[in-house]
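A short report is set out after the structure.

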Amino acid sequence: MSRRRRSALLLAVLALLWVPGCARSVDPAQRLGGKAAGRVRPHGPTARQPYRRWGLTAPLPPPPQPAPRHPAPAAGPGLPPVVHRVPTRDKVVFLTYDDGAERAPRFAGMVRELRLPVAVFLTDSVVGPGYGYFAGLRAVGASIQNHTLDHSALRGLPYAGQRAEICGQQDKLRARFGLRPRLFRPPYGTYDATTLRAAADCGISAVVLWRAALEGDGALSWTDGPHRLEPGDVIAVDPDEVTGLTLEERTARLLRRIQGRGLTVGRLEDYV
């Protein structure tokens, strides 16, 4: 086919695409082709309703305005409380993520689009050079909390060692983010009275454990109580390198389960 005939044919095709009513029936991504379509920003219902992109049937309701915070009972004179669930009638649960080993590329977008008030407990030796990622996550609504310098099991260690682990990470997070967290999670959930004393001396106002833990396959395990999500539950999401499910996929499965129970996600610092 000659160049002139190819040009005439191309003009005819373009004219057909611009016939009133026809252009609306052709997806712009289809007209651009595969590679160019990948660069097109999402549009249509999915863009206006991003919850669908994550497999939700409806947007998560915003959490209610919590009542003025009443501190949980202290573990002892001058010691912070230990919290695994929040005593509240609000239909909220709390999503917490540990360590900082898993830096999923789409997770910040998920937090932003769904307005998830997640709490991230960071360990300095695990995060390594990845603090910039968590600065971005904080910018879209996540809170940054303390999970020690080196992820050492604290129970049984002398006071000086425990204080160094907790206060040392407080100093690191202040240098990185300009804040000293109020909340602390001991690695592996193990602690003793010395842990609580060291945490108090480092400015920690609550030690946060969990009642439910999200497994690598998206299932939940429980520390006590009924094997179902209840208002006030703290949920721990650990890094996963085995199942192949991404952090976004596991979180989406969890959100569908939360939604099925008539619950939503609350901001942990508003309640603890």
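The report covers the basis of the model, then the helix pair, then the charged pairs.

## Basis

This is a predicted model: local features need pLDDT of at least 70, side-chain atom pairs count only at pLDDT 80 or more, and totals for chains, interfaces and linings use all residues. Residues are numbered from 1 along each chain as its sequence is written, and side-chain values use heavy atoms, with hydrogens and water left out.

## Helices α5 and α10

Helix α5 spans residues 107–114 and helix α10 spans residues 247–260. Helices here are DSSP runs of H or I with at least four residues, and strands are E runs of at least two, both numbered from the N terminus. The two axes come within 9 Å and cross at roughly 30 degrees. Axes are lines fitted to C-alpha atoms over the stretch in contact, with angles from 0 to 180 degrees between N-to-C directions. α5 and α10 are therefore roughly parallel to each other (angles under 35 degrees). Their crossing is right-handed (the near helix is turned clockwise from the far one by less than a right angle).

On the α5 side, F107, M110 and L114 take part in the contact. They meet L247, E248, T251, A252 and L255 in α10. Contact means heavy atoms within 4.5 Å. Six residues of this contact are nonpolar, one is polar and one is charged. Ala, Val, Leu, Ile, Met, Phe, Trp, Tyr, Cys and Pro count as nonpolar, Asp, Glu, Lys and Arg as charged, and the others, Gly among them, as polar.

Side chains of opposite charge can pair when their charged atoms come close. The whole structure holds 11 salt bridges (a side-chain nitrogen of Lys or Arg within 4 Å of a carboxyl oxygen of Asp or Glu).

E230 pairs with R228 at 2.5 Å, N to O. E230 also bridges to R261, with the closest N and O atoms 3.6 Å apart. E230 lies in the loop between β8 (220–222) and β9 (234–237), and R261 in the loop between α10 and β10 (264–265), so the pair ties together parts 31 residues apart in sequence. E230 is buried at 18% relative accessible area (under 20% is buried, over 50% exposed, in between partly exposed; 1.4 Å probe, protein chains only). R228 is partly exposed at 42%, and R261 is partly exposed at 39%.

## Other salt bridges

R267 and E269 form a salt bridge at 3.5 Å, N to O. R267 is partly exposed at 30%, whereas E269 is buried at 13%. R53, R112 and E113 are linked in a salt-bridge network.

Notes:
Parallel < 35°, antiparallel > 145°, perpendicular 65-115°, else oblique.
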